[in-house]
Structure formats: C-alpha cells, structure tokens
Amino acid sequence: MHRRLSEEKVFKDPVHNYIHVQDEVIWSLINTPEFQRLRRIRQLGTSYLTFHGAEHSRFSHSLGVYEITRRIISQFERSGYTDWPRSEKMVALCAALLHDLGHGPFSHSIEEAFQMHHEDWTCKILLGETEVGNVLREISPDFPDKVAAVIRKDYDNPIVVNLVSSPLDADRMDYLLRDAYFTGVNYGTIDMDRILRMLRPFQGRVVVKESGMHAVEDYLMSRYQMYWQVYFHPVTRSSEIILRQILRRAKELYRSGHSFCFLPHPLPNLFQGDISVTDYLQLDEALMQTTFMQWTREDDERLSDLCSRFLNRKLYKYVELDSPELEMLDEIRNAFRQVGLEPEYDMEIDFPTDLPYDVFRPDGGVRQKQILLLDRQERLREISEVSDIVRSISGLHRGKTHLYYPDNKLCAVMERLPRPVARIFEQRK
C-alpha cells in the first residue's frame, strides 16, 4: 500500500501556482532518473526557434498533468460520487505523472524519423528494469502493468483512462495553458477551474455537467487557435523538416558505412533500429545538439549544411501552393534536378491538418472520443449536438499546402528554372 508523506511537498509553478505532492510513491517517482530526464526534453520540440520563450520541459508539463488529475480526483472524493472507485486513485495519479516518460529528444520529430511512438517507450520504461518500474512494483507486482494499460488506453476502468486520455483530459488542459503561457499567446487561457468543477464520473466515463458547456466551448476554440497559431506555425514546421532531414541523412550515412567524425553512444543503436531501454534513456536534447554541433564539421556536405541551418536558425523558406500549382509538383521536382538541386532534401511539401473536435458518428464507435454533456434529467448528449460553436469547427480540415526550400540554393539557380516553375517562387518573395 502507498503511504502519505509526513509533510506535503510543493512545486512552485507558473501555470498552477502550486503543485502538491502528498504521497510517497509520487515523490519517489519524481526523483527517479527516468523522470528527471524529462527536464532535458523540451515540451514543444523545435518551437523555441519560433517562440523564444518556449523552453519549458516535459518535466514541468508532466507535473502539471499530475496536478490537474489530483484536483479532479479530490473533487470527486469530496462530492462523494459513487461512480469513482477511490482504490484507483494511485493508478490515475501515476499514469498522469508518467504519461510522457517515453518522449525522445525534440519529441514528435524523432518519432517520425525513426517510426516509433513515445507511448510504446513509456510502457517499456514502466515495465522494464528501471527505477520507475521498481517504485511501481513496491505498490504491488502488477502495478506497472496497470499504469501501462492506462497509457495504452486499454485499462479496464475507462474513467481512469478518461482522466489522462480523452478530448477533455488533464494532458490537454495542461499543455494548452502551459504552451500559451510560454509562447506568449492568449489563445490557451481557458477557464480550467470552471471545467474541473463541472466534471462528473457517470456510467463508466467522465462527463461534463451541461451548465459547463460554455467553458468547454472556450476550451475547444482555444485548442483550435493554438494548433494553427502555435503547433502548426509554418516556421516551426520548417525547423521540424530540417531536423527530420538531419536524422534521415545521418541514418543513410551510417547504413552506407560512412565514417563519422563524431558518433556518440547510443546513436549507432538508434540508427540500427535496435536500441534498448537503457540506451534510449540516454537520448536527450543536450546529446543531440552537441552531436549536431560536431556534425557541422562533418565531411558530408549535406549533413553539415543541415546541422548548421538548424543550430543557427537558417531555416528553409516556404511558399503557399494553390491547386493548379499542386498539379505541377512533378514538374517542380524535375526542374530542381535539372539545375543540380536534390528534391529529396531541397524541397518538402507540408500540409498540416488537425481535427479540433471529432464529432459524433453513429457508426464510428468513437464514444470515448466524445465530450458528453449531462443534463438535469441525467441524459447524455454529445456536445456538438447542443453547441453551435462546436458544430461549426467540428471536423474542419484547415491549412494551406506549403513548399519548403533552401532560399540561398534556389536563388543561385533561379534563372535556369523553367519560367512556370520560377514564377511560383518569384511572385511570393
């Protein structure tokens, strides 16, 4: 059984004011090397190159998700909701705290480059011979499996899963507030206190009291705005493209037998696709940026150029492509090749999409992906059936196709490009 701390620990936090730690197991988990590593992983990946304040870490975000989950559970317990089994409290708190444990350097960019998912690594860390795993096993031998099941979203108590992973979960509420704070934008300033007061455990899941609908509308609009103004910012996308190209080029060189001037452990294991949990936990952004700095002196001109661009913020420029221009992509690629550019690296097409809210589809089986409102007669209705605002943004695919390219290289060969291709770039200078 878990024990209470003799004296509550608190973290001063710019978003939640204070984060309260009352249980020994939570305090022990925070002080493991695996959790402390999250201090060295930025929450927003490469967004610091666009928003200079976005230096916050997965560590601070994970503490925030834990704090929101703790507040929700405390509210359930104070209100005496019988649908909430108190025995599940520690499972939910541990899953909230540890949900991002498997993130690698620069978060989603490295996942795309190596076709891996941070949730899988989180579960491997929880279930492996790690200090985090040892702390969890002190509660009970099967406790790591319970927490991993919540991360995988197949835990047998959907209320616990809802708290950590749902359209209105502690994870999303913290990152909207935290990312807005550190990027300096106003879109993420949601009324979280109101939302938390309106949450109820009901019929095996977390729902929202109908009188809290307007606060949820505001939350969904904030999420919509944050995606397009912050998460999908075209400059951030440019930095992500260059980062992915660095990792792709390095992997190509490694597999071709290239002799690197600098290749620290455990990068060879990563490039081979055979990296252990112990080695994976050595990957952080300090290691990667040190490596990139060394690779600016690498013999391979492509890798050297990409690393210099990333470290010195010499990012690719971009143009928006309309429908007629999208039909010219093969022509653009061929034109690039003819003038000595490599379309595999010197151009990339990017079309960001997001579903701000996944509307109800009777045949879709997406009940766990819905926000359900509970009215006074204890009837449940999906929020887009009631809210005109939510209905207006439900299922929207918004965004423009961008073509990214190295401006200095393209300018050097612009006069040799066919006129229809050159015109695409000239008219948007």
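Where does Asp284 lie? Asp284 sits in the loop between α15 (277-280) and α16 (285-295). Keep in mind as you look around that this is a predicted model.

**Around Asp284**

Although this aspartate belongs to a loop, Asp284 is buried, with a relative accessible area of 8%, under the 20% cut-off. Leaving aside residues up to four places away in sequence, Asp284 touches Arg40, Ile41 and Pro105.

**Aromatic pairs**

The structure holds 20 aromatic pairs. Two of them are set side by side here.

| Pair | Centre to centre | Angle between planes | Class |
|---|---|---|---|
| Phe35 and Phe59 | 5.1 Å | 55° | tilted |
| Phe336 and Phe425 | 6.0 Å | 35° | tilted |

Phe35 is found in helix α2 (residues 33-36) and Phe59 in helix α3 (residues 58-79), so this pair ties together parts that are 24 residues apart in sequence. Both Phe35 and Phe59 are buried.

The other pair links distant parts of the chain, with Phe336 in helix α19 (residues 329-338) and Phe425 in helix α24 (residues 419-426), 89 residues apart. Phe336 counts as buried because its relative accessibility is 0%. Phe425 is buried too, with a relative accessible area of 1%.

Ring pairs also build a cluster, which joins Phe106, Phe260, Phe292, Trp295 and Phe310.

**Where α6 meets α7**

Now for a helix contact. The axes of helix α6 (residues 118-127) and helix α7 (residues 131-139) come within 6 Å and cross at roughly 60°. The two helices are therefore oblique to each other. On the α6 side, the contact is made by Ile125, Leu126 and Leu127, while α7 brings Val132, Gly133, Leu136 and Arg137. Sorted by class, the contact of α6 with α7 has five nonpolar residues, one polar and one charged.

The mean pLDDT of the protein is 91, and 94% of its residues reach 70 or more. One stretch calls for care: over residues 358-365 the pLDDT is below 50. Beyond near neighbours in sequence, that stretch has 12 contacts in the model. Where pLDDT is low, the predicted coordinates should not be read in detail.

Definitions and conventions:
Residues are numbered from 1 along each chain as its sequence is written. This is a predicted model: local features need pLDDT of at least 70, side-chain atom pairs count only at pLDDT 80 or more; totals for chains, interfaces and linings use all residues. Side-chain values use heavy atoms; hydrogens and water are left out. Axes are lines fitted to C-alpha atoms, for helices over the stretch in contact, and angles run from 0 to 180 degrees between N-to-C directions. Helices (H or I, at least four residues) and strands (E, at least two) are DSSP runs, numbered from the N terminus. Angles under 35 degrees count as roughly parallel, over 145 as roughly antiparallel, 65 to 115 as roughly perpendicular and the rest as oblique. Contact means heavy atoms within 4.5 Å. Ala, Val, Leu, Ile, Met, Phe, Trp, Tyr, Cys and Pro count as nonpolar, Asp, Glu, Lys and Arg as charged, and the others, Gly among them, as polar. pLDDT is the predictor's confidence in each residue, from 0 to 100. Rings of Phe, Tyr and Trp (its six-membered ring) pair if their centres lie within 6.5 Å; planes under 30 degrees apart count as stacked, over 60 as edge-to-face and the rest as tilted. Buried means under 20% relative accessible area, exposed over 50%, partly exposed in between (1.4 Å probe, protein chains only).
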